Amino acid sequence: MTEHDGGPAAQKLEEGRLLKELEAIHRTRHETLLHGSDDALVTHTKRMNELEHEYVRRHPQRAQTASRTRSGARARSTGD
């Protein structure tokens with residue numbers, strides 16, 4: 001992606017900055033959903049997707065918590 005009003009392209013961010021951008025966008029997501037304009041929500045969603053896709057691209061083998069997987073969630077619901 002190219003640079004846009006939401007900041008530099010995710011692929012250009014060094015690792016620490018990428019993580020800070022992800023933290024910030026996740027922190028503001030709920031407020032944007034509840035109170036942002038339609039344009040703000042679209043922009044926020046595009047930027048969040050860009051940052052998340054870049055993180056996953058860089059970390060394809062990232063640690064995954066078993067309870068956060070589909071099979072883990074099924075095991076949790078059948079054990080209740």
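Helices are DSSP runs of H or I with at least four residues, strands are runs of E with at least two, and both are numbered from the N terminus. By this rule H44 sits in helix α2.

The model is predicted, so local features need pLDDT of at least 70 and side-chain atom pairs count only at pLDDT 80 or more, while totals for chains, interfaces and linings use all residues. Residues are numbered from 1 along each chain as its sequence is written, and side-chain values use heavy atoms, with hydrogens and water left out.

**Overall make-up**

The protein chain contains 3 helices and 0 strands, in the order α-α-α from the N terminus on. Buried means under 20% relative accessible area, exposed means over 50%, and partly exposed lies in between, with a 1.4 Å probe and protein chains only. Of the 80 residues in the chain, 20% count as buried. A contact is defined by heavy atoms within 4.5 Å. Among the contacts with a separation of 6 or more, 58% are between residues 24 or more positions apart.

**Helix α1**

Helix α1 covers residues 15-35. It has 21 residues and reaches 30 Å from its first C-alpha to its last, close to the expected 30 Å at 1.5 Å a residue; the expected span is 1.5 Å times one less than the number of residues. The helix bends by about 40 degrees at T28, where the bend is the angle between axes fitted to the seven residues ending there and the seven starting there.

The buried residues of α1 are L18, E21, L22, I25 and T32, and they pack against α2.

**Helix α2**

Helix α2 runs over residues 38-58. Its 21 residues should span 30 Å at 1.5 Å a residue, and the end C-alpha atoms are 30 Å apart, which agrees. Buried in α2 are H44, R47, M48, E50, L51 and E54. These residues cover an arc of only 155 degrees around the axis, which puts them on the same side of α2; the arc is that of the directions from the helix axis to the C-beta atoms. An α-helix has 3.6 residues a turn, so residues three or four places apart point the same way. On the other side of α2, D38, K46, H53 and R57 are exposed. The buried residues of α2 pack against α1.

**Nonpolar core**

A nonpolar core is a set of buried Ala, Val, Leu, Ile, Met, Phe, Trp, Tyr and Cys residues joined through side-chain atoms within 4.5 Å. The largest one has 7 residues: A10, L13, L18, L22, I25, M48 and L51. The elements giving two or more residues to this core are α1 and α2, and the largest share, 3 residues, comes from α1. Beyond its neighbours within four places in sequence, L22 is in contact with L51, E52 and Y55.

**Polar contacts**

A polar contact is a pair of N or O atoms within 3.5 Å; within protein, one must be able to donate a hydrogen and the other to accept it, and residues adjacent in sequence count only if both atoms are side-chain atoms.

| Residue | Partner | Distance |
|---|---|---|
| E21 | R47 | 3.4 Å |
| H44 | T28 | 2.9 Å |
| R57 | E54 | 2.6 Å |

E21 counts as buried because its relative accessibility is 17%. Not counting residues up to four places away in sequence, E21 touches L13, R47 and L51.

H44 has a relative accessible area of 11% and is therefore buried. With residues up to four places away in sequence set aside, H44 touches I25, T28, R29 and T32.

R57, in helix α2, is exposed because its relative accessible area is 51%. R57 and Q11 are 46 residues apart in sequence and 9.5 Å apart in space, C-alpha to C-alpha.

**The loop between α1 and α2**

S37 lies in the loop between α1 and α2. At 44% relative accessibility, S37 counts as partly exposed. A polar atom of the S37 side chain lies 3.0 Å from the backbone nitrogen of A40.
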